[in-house]
Structure formats: structure tokens, C-alpha cells
Amino acid sequence: MTEQAIKRHPVRGGLFGLMLGISAAYFLYFQFAVFGFDTVGAVATRFVIIILVGVIVGVIWAYVAPPKAAKEPAPAAPPSAPGENDEA
Amino acid sequence: MARYGRALAAALIILGVVAAPALAQEDDEPAVIDVGPFITRGEGFVDLNGDGIPDLGELDEGFAGIWDDNVGARTPEEFSALVTDRIPAFITTGDASILVGACGGLAISYDEFGMSVDAMIDNGNDDPLIDVFTGEQAMTSGNPFRVDPAGVVAYWGFTRDLPNFSTAGEIAGVDYGEAQPSYHDHSWTMAVMGVTADRGGDPNQRDKNRNAGLVFLGEIFGDLDTGPIDLTELRANVKAKGAIIDLYAEGDPNGRRLPDDFDLALIEAEADGKEFCFGEGWVEFIGSGPPLTATAIASILAAAGFAGLMFNVRPAQTWRSPTSMPTLGS
């Protein structure tokens, strides 16, 4: 008999989160100047933090997001061998 | 159909996130402070765009200080070394602006067509820098001094006549003339993001206590070789600071330099009771932003990342037989 299982994708989540984090850092710094360029150290640190947050969010999302329904129905159970379900 | 709906919702969220800051930056209020009395030198500074601030005129070419660095005198290697040195130092800085000391003046930024963009004044007292348009504190992170990177910044500066100023320097062979209180044998420096951008000094044997100048940012940024990045389109908030100390180069014919890494406490310590000025605040460059290619790449990256999180990262239900191993990971 088959049973339902959940397949998760934390590595994919990290990679897509990385992409989102890099683009977010770009827009926040260079396009809309939400964050300022105060010191080189502070800018570099915030840049890394934004990207890391993206990665972490992606990984967490891989675990907490509502699962997608299975694409296929549960496979039919194979026929039982003779005597397999007999009571002892 | 639901998938298209989710994609549309994602696009709207991204649009909202990126458009809100841009809309928040719009402001067209007229000036509330008359800056006319500050403009003690210059011709043709007349208000053309009706915002209450005189638009760009002309100043005669002046003379650099004897110990002034030429703009861009620092080599790329020296600049790189300075940047590398600063990276380990994570500095948590305040949001307010500072101008300490017996100096003040007016600064007006102009766009590339000579129309005024922003203006601020300091009366040389203990009050902070004042935004000429709003009358509130200027150069804070929330109200930075707005500058067109392709434009010009004009300034009129002064020092107050205080008895604590030196009346003459002590460089051998320099005739300081009649003793007058002002900065002598002084050294000054300016830094952007904690990295020294320019510095200089002068014996000031003419006892200058007024100065006016134009900073042609468009020409300076346009001449810098920054590869595919056009700094005249820069859009960013940048922290800048500067300092000057009276008699710091006293007795040094080569002009003693202020430290590259400085703050108010260090300048006070270096001044050691002599007159000084220290200023720090935020400047917002209001260029058109990065080139379209960079923004397009970042937009594609954002869309791919968001779509990936929405459609390819969510856990998936599957079926397994009790004898098979559980499947985890990608």
C-alpha cells in the first residue's frame, strides 16, 4: 500500500532566495537609494545581510510553504500474494 | 488560470515595492529662507525657475591653497588600499547631521541646466544646518542635501571672528602681514563613505575668512574612468564629512595632513584647543540611476527569484511505498 509523502526543496529555495536577495540589494542601494553609502564597511555588511536574508527566506519557504497537491493520484496497490493477509 | 493570477499578484507586489520610494521622493516646495545675504560674491545669480533660490551664475576663477591636493591626485592603488582598510570596520553611525565650529555658509546645488535643486545654510552658530526650502535640519538621512551628479554645487563659506583663532602662522619665510584672526597654517580634509576624497591646506597669509566656489560635479564625475558605470547618472545616498584645523600645519613647510580616518572626537583631540570645524551629513545624488541594462538584469533576477519561490520551491505531495526511502532535497 502507498502512503502520502512531502518532498521539499531547500536547495532550490536557497538559490532562488539568493537571486531575490541580490536583486533586492541592487534596487535598495542603486535604484532607489533606500540605504545610504555611509562607510564602505557598513555598506558591504548590509549588502551581505540583505542577500543572506534572501537565502534564509528561500530555505524557510521551502519548509513552511503550503504543499502543492500531488500531480497524479495514488498508484493502485499491487495485488496481495496468497496468504499475505492471513491472520496468524 | 490560478497560476496566471499568482504571477500577476507577484508582479504587482514588485511594482509596489519599487515604485513607492520613487513616488515618496517628489517635492517642489518653494524656499522659506532668503539666501540673498549669503551670496557675497558672484555674478548672474538670479532666480529663474521661481523656487526662491538664485539659479547658477558665474564666479571668477580663484586660487588653490598651497597644500591643496589636485582633484584625483590620489592614485587608484592608494584609493583601493584605503577602501580595503575600511572594510573590517563596521561603523554604526547616527542619522543626524553635524556642523561644529566657528564656520558657516550657504550651499546651493544646481542641475546640469543651472537650475537650483536644493539649498542649505549654516549661520556659524550652534544650530544645525538648515534646509532653505523647509527651514528644518538639513543633511540628515531623512532630509539629505539633494545634488545632481551632472550638475554644479555653489558655496559661500565664512568663519566667525573669534579671539581663539590664530592671528598668524609660523611657516619660515612666509610673510603673514598684519595680524588678523582666521585660520592660518591650516589643514583640511573631506571624506566620502569614510574614504578621503580630497584634502589640502594653506598658510593663509592673506587672512582669508570668506570663500566662494563652484564644484563642477558633472565634469569631475564625467572625467573619472569608471568603466560601464556613468557616475553622472548616480542615484544614491552618500555620507560625507569634512574638517579643518587652525595651525595644524604650524611650522611644517610641506603642510601636515589630517588623518584619513577621522570623526568629531579625533578632530577635537587633534585640534588640542585650537579652533576647528567639523561637518558630517548625508548627500543624495539624484541622477537617473544605473544604466537600463543593469536594471533590466536585476529585474529579471528579481522576477526569476520570485517566480521560483512561488512555483518551484513549495513542497510537493508525492506517493511512496512503505519500503522506499524518504525523498528530501532537490
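Colleague: In what order do the elements of chain A run from the N terminus on?
Modeller: The order is β-α-β-α, which accords with the two helices and two strands of chain A; helices (H or I, at least four residues) and strands (E, at least two) are DSSP runs numbered from the N terminus. The model is a predicted one, in which local features need pLDDT of at least 70 and side-chain atom pairs count only at pLDDT 80 or more, whereas totals for chains, interfaces and linings use all residues. Residues are numbered from 1 along each chain as its sequence is written, while chains are lettered from A and ligands numbered from 1 in the order in which they are written.

Colleague: What makes Leu247(B) buried?
Modeller: A residue is buried if 20 or more other C-beta atoms, placed from the backbone, lie within 10 Å of its own, exposed if 12 or fewer do, and partly exposed in between. Leu247(B) has 22 other C-beta atoms within 10 Å and therefore counts as buried. Its place is in the loop between E10 and helix H4 (264-271) of chain B, and its phi is positive, about 60°, although Leu247(B) is not a glycine.

Colleague: What joins strand E2 (residues 103-110) of chain B to strand E6 (residues 152-159) of chain B?
Modeller: Two strands pair if DSSP finds at least two bridges between them; eight bridges join E2(B) to E6(B), and these strands run antiparallel, so they count as paired. Within E6(B), Val153(B) is the bridge partner of Ser109(B), and Val152(B) is that of Tyr110(B). Six bridges also join E2(B) to strand E3 (residues 116-122) of chain B, again in the antiparallel sense, and there the partner of Ser109(B) is Asp118(B). E2(B) and E3(B) form a hairpin with five residues between them, and in its turn Gly114(B) has a positive phi of about 85°.

Colleague: Which strands make up the open sheet, and in what order?
Modeller: Five strands of chain B, with antiparallel pairing, follow the order E4-E3-E2-E6-E9. Strand E4 (130-131) and strand E9 (210-216) stand at the edges, because each has a single partner strand, which leaves one side of each without a neighbour in the sheet.

Colleague: Which residues have the most contacts inside the largest nonpolar core?
Modeller: They are Val35(B), Leu106(B), Ile108(B), Ala119(B), Met120(B), Val132(B) and Val147(B), in a core of 56 residues. The term denotes a set of buried Ala, Val, Leu, Ile, Met, Phe, Trp, Tyr and Cys residues joined through C-beta atoms within 7 Å. Helix H1 (residues 10-31) of chain A gives the most to this core, with 10 residues. A second, separate core has 19 residues, including Leu247(B) and Phe278(B). In soluble globular proteins, nonpolar side chains tend to be buried together.

Colleague: How many residues does the contact take from chain B, and how many from chain A?
Modeller: The contact takes 49 residues from chain B and 47 residues from chain A, where two residues are in contact if their C-beta atoms, placed from the backbone, lie within 7 Å. H5(B) gives the most to the side of chain B that touches chain A, with nine residues. That side divides into 28 nonpolar, 15 polar and six charged residues; Ala, Val, Leu, Ile, Met, Phe, Trp, Tyr, Cys and Pro count as nonpolar, Asp, Glu, Lys and Arg as charged, and the others, Gly among them, as polar. Strand E1 (residues 3-7) of chain A and E12(B) pair in the antiparallel sense over five bridges, with Ala5(A) opposite Thr318(B).

Colleague: With which residues is Arg314(B) in contact, leaving aside its neighbours within four places in sequence?
Modeller: Arg314(B) is in contact with Ala65(A), Pro66(A), Pro67(A) and Lys68(A), and its place is in the loop between H5 and E12 of chain B.
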